[in-house]
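Hello,

Here is the structure I promised to pass on. Please open it alongside this note, and my findings follow below.

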Amino acid sequence: MEYGLIGAKLGHSYSKIIHEMLCGYHYDLCPLPTEEEARAFLTRRQFKAINVTIPYKKLVMEYCSYIDPRAKAIGAVNTVVNKNGLLYGYNTDYMGFAHLCDAHGVNFAGRTVLILGTGGTHNTTSAVARDKGAAKVLTVSRHPDPEKGELSYAEAVSSGAQIVVNTTPAGMYPNVGVCNLDVAAMPGLEAVVDVVYNPDKTELILRAEEAGVPVAVGGLEMLVAQAVYAAEYFLDRKFEDAPVEIRRITAALRRDMLNIALIGMPSCGKTTLGRLLAKSLGRTFVDLDEEIVKTDGRSIPDIFSAEGEDGFRARETAEARRFGREGRQLISCGGGIVKRPENLRALHQNGVILFIDRPLDALTVGGGRPLSSSMDALRQMEAQRRPLYLAAADAVIPNNGTLDEALRAAMEALDEIFDS
């Protein structure tokens, strides 16, 4: 192996995609489930350079002839270069987190910083915060040690912190929707930063956005940044403009990985346009109404007849949660998906939302849709839902001409979203 990543579990790692997109060299994922396997790999030293992830960032230090002072101070190495059989260790997680915070205007100077978690990434983010002038760095744990000054999550709410950094796996795929800190009860928050990058927006970030926190950002850009700085060590050369490379790769990753959800009135063209978009973008097409029918075994009119709209909406929410946590999908949603905020949270955690806006007089009455029984019913429904569609959408796609025009408008909107 020339370049690659070692760690216990690497099934959902983006590192291979990032490095190969960035530099073009072949990058291997090398899962080493046991410490014995990790030690054997490091003893053989059959690589040019590697990245190291959980749980071997400390272990690898034993095999390094040289450790960068910053990595030594943090107590973790995530980048190792083999120079004529001698291993040199560095920590680019520090550089990645610093870049993420700088890029989003997180100002640590004079602030109280609350770091969730006590693992290795705690030390990295704490070092960045202190180096950038934080007045106080507090640690939060599910099992706090009072002798170390650690806080419980309940105590953290009244800590007076201006910045929250999550270094725990809470909310990480596949266990999405988990959030241990009530950020809505913390007035004065200036920034919430989560090092988790899958999903794109964890429950913590979604709640911070809803609470109006000025900066709420996940860890994807940190992941890309640490890879860019690791590649500089791998190749022993600096990129001409590392921040530009980081933005480029981050945008490309989000374009490739995130879902695209289509919302809008019944018969507005979500399914037809969605299938074309899915084909154009190489995504799996998902029709949430069809998935409800598959899972339940009854038609939508039959569900409405037996359990009313509430029964149907509960099933819709379950399917939105199931598919919303995945990636690389084109999801066509039922017209009423916007009636429950939890549905939009599920769709936004790992995707962008497009509102397909078709004129009312072009919509179809009936067609097996229980709530579209007449034009009056459609008119009332549109009046109620339109503000919800507009509030939920990342972009509005007019569908009042040809299908090709709507497809072109959708592609242009996605370009703007992902390149911004």
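Before the rest, a word on the source. This is a predicted model, in which local features need pLDDT of at least 70 and side-chain atom pairs count only at pLDDT 80 or more, while totals for chains, interfaces and linings use all residues. Residues are numbered from 1 along each chain as its sequence is written, and side-chain values use heavy atoms, with hydrogens and water left out.

**Cavities**

The structure holds two cavities of 30 Å³ or more. On a 1 Å grid over the protein atoms alone, a cavity is a set of points where a 1.4 Å probe fits but cannot get out; a pocket is an open set with protein on both sides within 12 Å along at least five of seven lines; lining residues have an atom within 4 Å of a point. Grid points are joined across faces, edges and corners, and a volume is the space filled by probe spheres set on the points.

The second largest cavity, at about 40 Å³, is lined by Met265, Cys268, Phe355, Ile356, Asp357, Arg358, Glu382 and Arg386. Its largest share, three residues, comes from β15. (Helices, H or I of at least four residues, and strands, E of at least two, are DSSP runs numbered from the N terminus.)

The largest cavity contains about 70 Å³ of space, and its lining has seven nonpolar, four polar and one charged residues. Among them are Leu116, Tyr153, Asn166 and Asp194.

Of its 24 lining residues, His104, Glu221, Thr250, Arg254 and Ser420 are the closest to the centre. Helix α9 gives the largest share of the lining, four residues.

**A helix pair**

The axes of α4 (residues 92–103) and α8 (residues 220–235) come within 7 Å and cross at roughly 130 degrees. Axes are lines fitted to C-alpha atoms, for helices over the stretch in contact (heavy atoms within 4.5 Å), and angles run from 0 to 180 degrees between N-to-C directions. The two helices are therefore oblique to each other: angles under 35 degrees count as roughly parallel, over 145 as roughly antiparallel, 65 to 115 as roughly perpendicular and the rest as oblique.

Best wishes

How values were computed:
Nonpolar A, V, L, I, M, F, W, Y, C, P; charged D, E, K, R; others polar.
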